[in-house]
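Biologist: I am new to this structure. Could you show me how to read its features, one at a time?

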Amino acid sequence: CEFSTADYISFYALDALEALRAQHDGPIALLGYCMGGIFTVAMAQLASRMVDALVLLATPWDFSAPDTPTVLLAPPTQIMLRNWIATQNPVPPMVSQTMFHLIDPWRVQEKFSRYPTLSEAEKQHFLAVEQWVNDGVPLAARVAEECFVDWPQGNVLARHQWKIGRRWIEPELIPCPTLAVVPTKDAIVPKGCATPLTKLIPRCETLFPECGHVSMVVGKHARQQMWEPVANWLDAKF
């Protein structure tokens, strides 16, 4: 299957945005988390007249940053990985989860070793978060190839080599006010990977909450560290 990330935007996301604009007279703010942030960057550029604000949560961009956990593969190994992905269409969620676990292999043992010491309420929250982060979806082979090879190995986003339709994605062309949330303790999308994007978008403000990639949205301090500041920013804009 050749269905790509660009196809998600061209055939689904932009149509949904157009339908929303046709039915809604008020301002429209796009919010994207991690990979979703990459999608909303493209949408804010390609459909700028329909987007009034943009919020990016832990959005990766420059995979060449020193703090970014990317294992560079030799060209022959990249070819082998591409060929293997092609045999797994769609690529099962377990593959994506394995990629994340390889960033910090001991993280799983560390967090589960603390489970017996938690209160009952904390255990319920812990299990709910684990169910959420492990509830992945299969990826089309081409999408998996982009996420696992093109983006981290070729760094195509930071090199302005991502194309949707006939247009290259250039964050410099995004006109709307933007808020980028860059967690300071994010091991999946570190500051070095996320901040280059914030410097490209002309009207971008940045928030640096002291939390991680997951805890920024579902942690016990997520409300005051991230959600309330984002809501206040949107209130101030509209």
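Modeller: Gladly. Keep in mind that this is a predicted model. Start with burial: Phe126 has a relative accessibility of 14%, under the 20% cut-off, so Phe126 counts as buried.

Biologist: And Phe112, at 39% relative accessibility: how does that count?

Modeller: Phe112 counts as partly exposed. Residues between the 20% and 50% limits fall in that class.

Biologist: Where do Tyr33 and Trp132 lie in the chain?

Modeller: Tyr33 is in strand 1, residues 29-33, and Trp132 is in helix 6, residues 120-133. The pair therefore ties together parts 99 residues apart in sequence. Tyr33 is partly exposed, at 24% relative accessible area. Trp132 also counts as partly exposed, at 40%.

Biologist: How do the rings of Phe112 and Phe126 pair?

Modeller: Look at the angle. Their planes stand at 85°, with the centres 5.2 Å apart, so the pair is edge-to-face. Phe112 sits in helix 5, residues 107-113, and Phe126 in helix 6. The two are 14 residues apart, and the pair links distant parts of the chain.

Biologist: Which residues do ring pairs link into a cluster?

Modeller: Phe3, Tyr8, Tyr12 and Phe39.

Biologist: What forms a nonpolar patch on the surface?

Modeller: Tyr8, Phe11 and Tyr12 do, with about 350 Å² of accessible area together. Phe11 lies in helix 1, residues 5-23. Phe11 is exposed, with a relative accessible area of 52%.

Biologist: Which charged side chains lie over the face of a ring?

Modeller: Here the distance to the ring centre is the thing to read. Lys123 lies over the face of Tyr115, at 5.3 Å from the ring centre. Lys191 lies over the face of Phe208, at 5.1 Å.

Biologist: One last residue. Is Thr68 buried or exposed?

Modeller: Thr68 is buried, at 8% relative accessibility. Thr68 is placed in the loop between strand 2 (53-57) and helix 3 (75-86).

Biologist: What does Thr68 touch?

Modeller: Leave out residues up to four places away in sequence. Thr68 then touches Asp62, Phe63, Pro190, Gly192 and Cys193.

Conventions: Residues numbered from 1 in each chain as written. Predicted model: local features only at pLDDT ≥ 70, side-chain atom pairs only at ≥ 80, totals over all residues. Heavy atoms only, no water. Helix = DSSP H or I, 4+ residues; strand = E, 2+ residues; numbered from the N terminus. Buried < 20%, exposed > 50% of the residue type's maximum accessible area, 1.4 Å probe, protein only. Contact = heavy atoms within 4.5 Å. Phe/Tyr/Trp six-rings, centres within 6.5 Å; stacked < 30°, edge-to-face > 60°. Lys NZ or Arg CZ within 6 Å of the ring centre and 35° of its normal. Patch = residues over 30% accessible without salt bridge, like charges linked within 9 Å, V, L, I, M, F, W, Y side chains within 5 Å. Areas by Shrake-Rupley, 256 points an atom, 1.4 Å probe, with all protein chains shown as cover. Salt bridge = Lys/Arg side-chain N within 4 Å of Asp/Glu carboxyl O.
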